[in-house]
Amino acid sequence: MSFLQPALLLGLPLMVLPIVIHLINQRRYQTMPWGAMQFLLTATRMSRGFARIRQWLILLLRTLVIGALLLAVSRPLASGRFSFAGRADTTIILLDRSPSMMQKVAGVLKWNAAARQLASALQTVGSARWILVDSDSGIPREIASPDALWELPDARPTSAASNMPAMLQAAHDYIETNQTGRTEIWIASDLRANDWRAESGLWRELRNGFMEFAQSVRIHLLAYPQVVPENIAVRVAKLQRISTGNSGELSISLDFTREDILSAPIAHAEKVARDRGEDGAQDEGRTDRPITFPVQFEVDGARSELTVEMSGSHYALKDHRIALAQHQRSGWGRVSIPTDANRADNDFYFVFDTPAPRHTLVVSDDAQNANMLKLAASISPDSAIRCQAEVVPAGQLATAAWGETALLLWQVPLPVGATATLVHSFVERGGQVLFLPPHEQAGDEWLGVRWGTWIDGRRAVTAWRGDEGLLANTESGAALPVGKLAVHKYCTLSGELTPLATLDGGDPLLARITTDHGGVYFLATTPAHSSLASQGVMWYVVIQRALAKGAIRLAATHNLVAGESSRWTTQSSKSQSHNLKSPSPVNGGGGFGVGSKSVSAETTESLARTPSRIEWHQLAGDQETISTAYAEHQGVYETGGNLLAVNRPIAEDYARVLTDTQIRELFVGLDFVRIDGSPGNDRGMIEEIWRMFLAMMVVAMLIEAVLCMPRRSVTRSLVLSKGAVS
Amino acid sequence: MLPTPKPRSFVDPQVLARLSGLPLFARRPMQGAVSGRHPSAQRGASVEFAEYRKYVPGDDLRRLDWRAYGRSDRFYVKEFEADTNLRCCLIVDTSGSMGFGSGAVNKVQYARQLAAALSYLAVQQGDAVGLSCVAEGLVQSIPPRRNPAHLRHLFDVLENIQTQGETSLVPVLHELAETLGQRALVVILSDFFVETQLLRDCFEHLRFRKHDVTAFQLLDPLELDFQFQRPMRFLDLEGGSSIFAEPTEIVDRYHRALHEHLQTLRHVMVNTAVDYHQVRIDEDYEQVLVRLLVGRTQRRGRR
C-alpha cells in the first residue's frame, strides 16, 4: 500500500486522541458520598462479558474512526507493498515488447494486460514526467501520459527480443543525466530468460549504479510469468535450394518447439499442476502426449500443407522438399501453423537464392604458397556452390574485381598507402582478409598490427577457441584437429589482437582484429612452414569458413533476426567514422546452415552495403507494421534488390522463465517491488482505496453510535417517578 | 404563662393545620389503654351492637337481653363494640445511608418531617406516639405516650437525630415486634437498603403480633435516576469501601439491580400486608401524608 498524500499520515498519532481524552476524563472524577452502595456493588459484579468490553470497543472504534479518516485523506493505493512515498517526479516505463508478450493467457494478450494495468496504475499513482524506454533503440523518450502506451507504435510488441539490462542501463543513464527527483521505474515483462539475460555482467554494474543515486529510485516489476504449455513455435532450421536440371527444389528443415511447463519457474509449475489436479509425473508425461496439426508452406504464393504429429517438447522435421517453379532461382516463403496461444511464433518467413560464387583473391610473393592457398579456396564444399580463386600480384590489386570477392588471402608485406585503403574499404563492406606472414618483413603495420620476426622450432597448438570463429567446433560438436597441427616456423605478431589459437610459448597462431563488419585474421605460419597442407582438414575449414562469411555480403537474400538490423543501422553510421575497434554485437540467431545465408550478426554486417531501412518494402508480414519498424517485425522485405526475411530470435522459442529467486537476486539491494499480474483479471493493479477507508470510518462511527446510544432501560421506567405511590 | 413553642425546622404548622382535618385511622383493631376513635379488639360499651353471646355463669346480668329470652327461651348476652386509642410507634432509620440527599433535604430530614407530622396528628386525636431510632442498633427509643408534653420530647429527639453507621433494621424490628405489645400502629421510615428476605421475616413477625405496619421507603431522585456525566468515586455512607465507576457504563446494571430490589421489596410488602409507600424525597411530604391518611380512611379497620 502506498499513499498519494503521505504527509497527512503524520497525523496518525491523532489516533490516540480518544484514549487521551478517556484518560483525562478518568482523572476528572468526582467524589460523592453514596447510600445505595449495594446496587453499585451489584452493578459492578454484573459488569462482565460484552458489557465489560463495550467501553473498550467504543474506544477502539473512535480510534479507528480517526485512523480511517486520516488514511482516507492520505489517498491510499492498493498495491503490493506498504510505502509512504508520494507522487514521483519521474516515472520510467520499461515495457517488454518481445514476441512472448503476445502470448494469450485467459484469452488476453500479456502485452495488452500489461499495457492496460500499467496505464491504469500509473494514471492512479501520478507523476510529473513519464518516460518510455524504447526496447529496440534503448532511447528514453517522454510521453504525455501512461495512456499513450496504447497508441504509440513504438510500444507495441515486436518480433525482436528485449534486452532488459540494456533498457535498465538506459533508464539509469537518463536518471543520471537529467538528475531527476524521486524516480519510479516500472517494468512490465514475462520474465523470459533471453530478455533478462540474468548472466550478464551488466546487472552488477546496474545494481551498483542505482544504489549510488542520492535520490530515491524504486523499481516495480509487473510480472507475467504464466506459461501456456499448449503453445507451439515453428522455425526454419535449415533451408537449401537444390538444383535439379532446369528446375529446383527447396529442402526445408523445421523445428517445432512446444512450450514446456518445465520452462516455467518451479513455483509456477507447481501451481499449474495444482490447477490441473495432476501431479508432477503426469505433467512431464503430458508434453509427451502426441498432437497433430497441419503445417502450411507458402513459397511465392504457392501453398502446400503437411500434417505433423508431434510428441514431447521438441520436434524436428528434416529435409522436407518443396518443388520450385522452373527457372526460379530466388524467392521467399513462409511456414505457418494454426493459431495457438501465441500467434507471434506461428509463422516463420524465409528467403532463398542460388548461392553466389565465392571468389577469392590470393596475393602472395611465393608461387608455391600461392598455389596451396588457391587450391584450398577454389574447392567447393558443395556442388551447388561455385568457388573461384585468383592469384593477383600486389601491383594489380586496383583492377581486381573487389565487388565480387569474398575473401582476400594476403601473403606479402602488409598493405600501405592506396593498397591499404583498398583493403580497408573491402573490409568495411564485409569482406574477409586472412594475412599470412611474408618471407621478407617490411616493418609496416596495418590497423595497429605488424609482423615480427620468424622463429624456428617445432611448436604445437596448446589452445584454441572452439566456441566461435574460424576454429569453432563443427555443427555436430566435434572439435577440429587443431591440436595435431605441427608448426615448424612461425612469425610473431605485435598489436591489439584477439588470439583464436595459441602456440606453446604463448605466441598466437591465429588471431583476429575486431572490426565492425568484415573479418581480419592473421595466421602466424604458412602451409609451407607447418603441417597445414599435409593435414588439410583444418586448413580447408579455415579457408572455407572465411570464404563463407565473406560470401554473405554477396548474396541477394538475407534471413535476419528481428532487432539485429536496427543495430546494423547504428553500426553503419559508426563505420563512417572508421571506428573499427568498437565491439561488435554477436548473437547467434539460428543459422540456416550451408547453402543458405546464415542468420547471424555477420548477416547484418554484410548488409552495410544496403540502403537505409526506410527504403524497405514489405512483401509479406503484418500490414499494420509501420515502415520505420520493419526491421523489428517479422516479415519479408525488399530493399535495393535484396530480399530480407525478418524473424524472431531463436531464443524466444526456448526461453525459460526466470525463477523468483533469480529475479530477487537481480535486484538485491535495490528498492524493488514485484507485482504478479494476471492477464485474465480486469481489476486494476493499483487502485485508490480511500473509499474503503471512508466506508470503514462510517461503519465504525455507526457502530460506535449504536454502542454509545443510551439504551432505554426497562428497569429505569419501572423505578418510581415523582409523585408515584404504591 | 405557657412557654413559647420552640420552632422546629421540620415542623410546618400550616401543613399540620391542613392535615389536622384528616384523621389517622388504623387498618385493623387496635389495643389501646383508653377510649379513642379506633376500633378495639375488645367488646366495649359503645352504642354500636356487636353480637349476641350465650350467657355463661358469671356474666353481668345487666347485659342479659331479656327480649331475646322472651322470644327464644334462651339466655343471651348482648355485646357492643369498643372504641379505643392506638399506640403509634415511629421507627426511623438513622443509618448512614439515610444521610444522603441530592436536593434540599436528605432522607433523614424528610423522615423527620413525616415523623413529626404523624406524631402530631396522632397525639392530636388522642393516640399514643413512641419513637425508635435505628442505626447499628436501637439508638434511641421513646415509649408511646399520648400527652402533648411528650410530643415536645419526641420533637427534641427527632431534632437531634444523627445518621451514622450501618443499618441494623432487621434485628431491631424483631426486637420491637416483641416489646411493643400487640396491636400497635408501626410506622417505619427507612430507605430499606437491606436484604428483602430478612425484611419479610420482620414484617411477618410484626404481622403475627397483629401490628398495623406502615412502611415509608425514602429514596433520593439521584439514587433512582443515577444520572452522572463524569466518572465518580462513590464513598459508602455506611463506612464501607469506596467504588470508582464510570456511571454511563453501569447505569443500566445499576437500574436493573435497583429495579430487582424494589420489585422484591414491593412483593414482600404486599405479601406481608404492609402499607407500603415508596417516596421520592423531592416530593412534598404533605402530599405523601395526605395519600396515607386518605388511603387509611378508605381502608379503615373493621371490627
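**Confidence and interface of chains A and B**

Visitor: Among the elements of chain A, which has the lowest mean pLDDT?
Guide: Among these elements, helix α6 (residues 164-178) of chain A has the highest mean pLDDT, 91. pLDDT is the predictor's confidence in each residue, from 0 to 100, and elements are DSSP runs numbered from the N terminus: helices (H or I, at least four residues) and strands (E, at least two). This is a predicted model, in which local features need pLDDT of at least 70 and side-chain atom pairs count only at pLDDT 80 or more, while totals for chains, interfaces and linings use all residues. The lowest mean, 40, belongs to helix α15 (residues 601-606) of chain A.

Visitor: What is the mean pLDDT of chain B?
Guide: Residues are numbered from 1 along each chain as its sequence is written, chains are lettered from A and ligands numbered from 1 in the order in which they are written, and side-chain values use heavy atoms, with hydrogens and water left out. In chain B, 92% of the residues reach 70 or more. The mean pLDDT of chain B is 86.

Visitor: What ipTM does the predictor give the complex?
Guide: The predictor's pTM for the complex is 0.56. Its ipTM is 0.82.

Visitor: How much area is buried between chain B and chain A?
Guide: Buried area is the accessible area (1.4 Å probe) that two parts lose on being put together, summed over both. Here 44 residues of chain B are in contact with 37 residues of chain A. Carbon and sulfur atoms give 62% of the buried area. The total is about 4,100 Å².

Visitor: Which element gives the most to the side of chain B that touches chain A?
Guide: The elements giving two or more residues to that side include α7 (221-225), β9 (243-245) and α8 (247-271) of chain B. With 14 residues, the one that gives the most is α8(B).

Visitor: Which residue of β8(B) stands opposite Pro33(A)?
Guide: Strand β2 (residues 30-34) of chain A and β8(B) run parallel, joined by five bridges. Two strands pair if DSSP finds at least two bridges between them. Opposite Pro33(A) stands Leu235(B).

Key: Contact = heavy atoms within 4.5 Å.
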